[in-house]
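Reader: Could you take me through this one? I'd like to go piece by piece and ask as we go.

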Amino acid sequence: MNAQTNYPPAPEEVQFKPTVLVIGGGASGIVSAVKAAEAGLSVVLLEKTAELGGKVAQISSLYQTDLSPSQWLNDKIKSLQSNDKVTIYTNGTLEKAKGQAGNFTVTLNVAGKKEEMVVGAIVVATGMELSTKMPVPEGAEAGRFMSQMELEKKMADFTGDSKGFVFVVKEDNFLYGMANALKNALKLKNAGHNVYLFYDEMKISEEKMEKIYHQARKEGVYFVRGTQNLKIGQKDDQLTVTTVDPLLPVKLAKELMITSDYLIYNEDLVAGADTEKLAETLRVTRGPGGFFQEDNYHLEPVYSFRPGIYFVGACRMPDFVHNVQEQAGSAVSAIYQLSTADVKSLMDQKPLIDVKKCVYCLTCYRSCPRNAIELLYGIEEAAWNGAPFVHPYACQACGSCAAECPNRAISFPGYTDEDMNKQFQGIGGKA
Ligand code: SF4
Ligand code: SF4
């Protein structure tokens, strides 16, 4: 609670602090920080590990671009490091956050030291995690089984003799898994290797993915439908993958056996382990699979239900690196609009609380779906000394608080009892 003598606070007391806290130093966080700095905002970039870069720093190539991931990242990191409006903290986590859009007071833990600061907005860009579950069949060498991420890290080793690779992309591996498999299958094929790709559904509904699929077919990657009946074993120093074509009638179906050196499978893409704790700290909810995606995905893809807090990248749901640029741009644009908004006219459009009528029951505080109400005390004219304050940046004017207030202490400008009575009388009613 904050002490406040004049109520409501004057517009100049409700200023937007033009600093953005970006949580997560992977590709999404770095791109968000770059965009925020370009918009003239100060940036605090907080990464929990000792290095910036995240998973993109570990992969060999990016989907849809010929840029080297490490070069792409290094250019961006250098631009952040040379910008004196950007502060980078590694080995840091967010411990506490209170307040509203424009004035969040956050407590960071940076390498064991606590630091408190005020920021106007928070961009969550904590990414996702990969969970590997492919069981190695009995008798097969574990070193011949690789996840997509393990393949990315070893890609540079496969430049010599021609080897055999089998990709297995299961139905539940989402579009992202298929895009990675196609990208890497084509890369290995172009390096002279023998490549098979087993799949259940060919999901290619991402930009340029169909082109890569056709190119992979043209270059000689073999596509085989069906992953359900695969039998995987090892004969001498080769893996064997046996299947029956599910599209052929039973009488005609014959077993197809492929020998290979490596089998590549897709990881499950899961929400980061710290997502739940971060959601509690920021007082936001989570969506399917525990990812941060609780608001309308199509209309407001980067918005949380709390103005001033935004989600960018794979912390929302598994996504491609090339989409992160647009998401970071949307988040920064929303922050910029808030930071330049006219506070007085914002306040004029939000619910009014009559502190003389307010009995400080906190019903509005509890029922606000946007957590937009702050509790103030020390207000002389208030019946109970304290009163809720509708924060102009955070309130979305949904009206729930006005509907719930048991003492009719909340009204909307233009819709007060007096306004409604006047309108009623204007159409011939009797008040
Ligand atoms: S109008 Fe809606 S968003 Fe605004 S304070 Fe009331 S309940 Fe919260
Ligand atoms: S619901 Fe009404 S009476 Fe209760 S705290 Fe809010 S404004 Fe005051």
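Author: Start with the hairpin of β14 and β15: two residues sit between the strands, and Asp-236 there takes a positive phi near 55°. Keep in mind that this is a predicted model.

Reader: How many bridges join β14 to β15, and do they run parallel or antiparallel?

Author: Five bridges join them, and the strands run antiparallel. Strand β14 covers residues 231–235, and Lys-235 stands opposite Gln-238 in β15.

Reader: And which strand do six bridges join to β15?

Author: That is β16, residues 255–260, again antiparallel to β15. In that pairing Val-241 of β15 faces Ile-258 of β16.

Reader: Is β15 mostly covered or mostly open?

Author: Mostly covered. Strand β15 spans residues 238–244, and five of its seven residues are buried.

Reader: What do the side chains of Lys-231 and Glu-255 do?

Author: They meet in a salt bridge, 3.2 Å from N to O. Lys-231 belongs to β14 and Glu-255 to β16, so this pair ties together parts that are 24 residues apart in sequence. Glu-255 counts as exposed because its relative accessibility is 53%.

Reader: How many salt bridges does the structure hold?

Author: Eight. One of them joins Glu-201 and Arg-225 at 3.5 Å, N to O. Glu-201 is in the loop between β12 and α5 (209–219) and Arg-225 is in strand β13, so parts 24 residues apart in sequence are tied together by this pair as well. Both ends are partly exposed: Glu-201 has a relative accessible area of 36%, and Arg-225 has 33%.

Reader: Which residues do shared partners join into one network?

Author: Glu-141, Arg-144 and Asp-261. Within it, the closest N and O atoms of Glu-141 and Arg-144 are 3.4 Å apart.

Reader: Are Glu-141 and Arg-144 buried or exposed?

Author: Glu-141 is partly exposed at 40% relative accessibility. Arg-144 has 12%, so it counts as buried; the cut-off for buried is under 20%.

Reader: How covered are Tyr-196 and Tyr-222?

Author: Tyr-196 is buried at 19% relative accessibility, while Tyr-222 is partly exposed at 43%.

Reader: What kind of pair do Tyr-199 and Phe-223 form?

Author: An edge-to-face one, 6.4 Å centre to centre, with 75° between the planes. This pair also links distant parts of the chain, with Tyr-199 in β12 and Phe-223 in β13, 24 residues apart. Tyr-199 is buried at 10% relative accessible area, and Phe-223 is buried at 14%.

Reader: Which residues form one aromatic cluster?

Author: Phe-158, Phe-165 and Tyr-262.

Reader: On to the helices. What does Leu-282 contact, leaving aside its neighbours within four places in sequence?

Author: Leu-94, Ala-97, Ile-122, Val-124, Arg-306 and Ile-309. Leu-282 is in helix α6, residues 275–282, and is buried with a relative accessible area of 1%. Its C-alpha atom is 9.8 Å from that of Gly-99, 183 residues apart along the chain.

Reader: And what does Ser-28 touch?

Author: Ala-125, Val-312, Gly-313, Ala-314 and Val-324, not counting residues up to four places away. Ser-28 is found in helix α1, residues 27–38, and is buried at 9% relative accessibility.

Reader: Last topic, the ligands. Which residues come nearest to ligand 1?

Author: Cys-368, Cys-395, Cys-398, Gly-399 and Cys-401, out of 14 around ligand 1. That shell divides into 10 nonpolar, three polar and one charged.

Reader: What surrounds ligand 2?

Author: The surrounding residues include Cys-358, Cys-361, Cys-364 and Cys-405, along with Pro-388, Pro-406 and Ile-410. The shell around ligand 2 has 10 nonpolar residues, one polar and no charged.

Conventions. Residues numbered from 1 in each chain as written. Chains lettered and ligands numbered in written order. Predicted model: local features only at pLDDT ≥ 70, side-chain atom pairs only at ≥ 80, totals over all residues. Heavy atoms only, no water. Near = heavy atom within 4 Å. Nonpolar A, V, L, I, M, F, W, Y, C, P; charged D, E, K, R; others polar. Helix = DSSP H or I, 4+ residues; strand = E, 2+ residues; numbered from the N terminus. Buried < 20%, exposed > 50% of the residue type's maximum accessible area, 1.4 Å probe, protein only. Contact = heavy atoms within 4.5 Å. Pairing = 2+ DSSP bridges. Phe/Tyr/Trp six-rings, centres within 6.5 Å; stacked < 30°, edge-to-face > 60°. Salt bridge = Lys/Arg side-chain N within 4 Å of Asp/Glu carboxyl O.
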